[in-house]
Amino acid sequence: MASGVVFISLLADICNFAKYWEHWLASSLENLPECLAAKKLPIARHFVSSLKRQTSFLHLAQIARPALFDQAVVTSMVSDIDNVDLSSISSQPLLSINTSGEQDPDMYSESSFHATVESFIEWLDSVVEQKVIKDLSP
């Protein structure tokens, strides 16, 4: 139980760090050339965004952990996943065509679903970056 409290405290500290990091960096760059801030601040925003996504995933994993120890829940989830039609999902235009209109077979291969959690996070980050963030950028 103590390790769970430490984890939650550490996660809160990381979230607090992410909340203030951009402000701290901007303050530290106040008396320096504007071109330095123009280079560093977008990188800081990207770092904070990535950090927030990772901490959100860790928080979700911490919450989901008890459910994953319940064999009935796991069996039900595996059954639900088996019923998902992956070929239908991957054939959707939004998921199977990159922004230039070309097919991107590596990005959405079925083998992605058999990878480690870390690989899945990287894959999911790349999907969000390419399909959401990139499309929202001016």
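Predicted model: local features only at pLDDT ≥ 70, side-chain atom pairs only at ≥ 80, totals over all residues.
Start with the total. The structure holds five aromatic pairs. One of them joins Phe-17 and Phe-47.

Now place the two rings in the fold. Phe-17 belongs to helix α1, which covers residues 2-28. Phe-47 belongs to helix α2, which covers residues 34-68. The pair therefore ties together parts that are 30 residues apart in sequence.

How open are these side chains? Phe-17 has a relative accessibility of 31%, so this residue counts as partly exposed. Phe-47 is partly exposed too, with a relative accessible area of 38%. Both values lie between the cut-offs of 20% for buried and 50% for exposed.

Phe-47 has a further ring partner, Trp-21. Here the centres lie 6.3 Å apart and the planes stand at 70 degrees, so this pair is edge-to-face as well. Trp-21 sits in helix α1 and Phe-47 in helix α2, so the contact ties together parts 26 residues apart in sequence. Trp-21 is partly exposed, at 27% relative accessibility.

Finally, step back to the group. Ring pairs link Phe-17, Tyr-20, Trp-21, Trp-24 and Phe-47 into a cluster.

Notes:
Residues numbered from 1 in each chain as written. Heavy atoms only, no water. Phe/Tyr/Trp six-rings, centres within 6.5 Å; stacked < 30°, edge-to-face > 60°. Helix = DSSP H or I, 4+ residues; strand = E, 2+ residues; numbered from the N terminus. Buried < 20%, exposed > 50% of the residue type's maximum accessible area, 1.4 Å probe, protein only.
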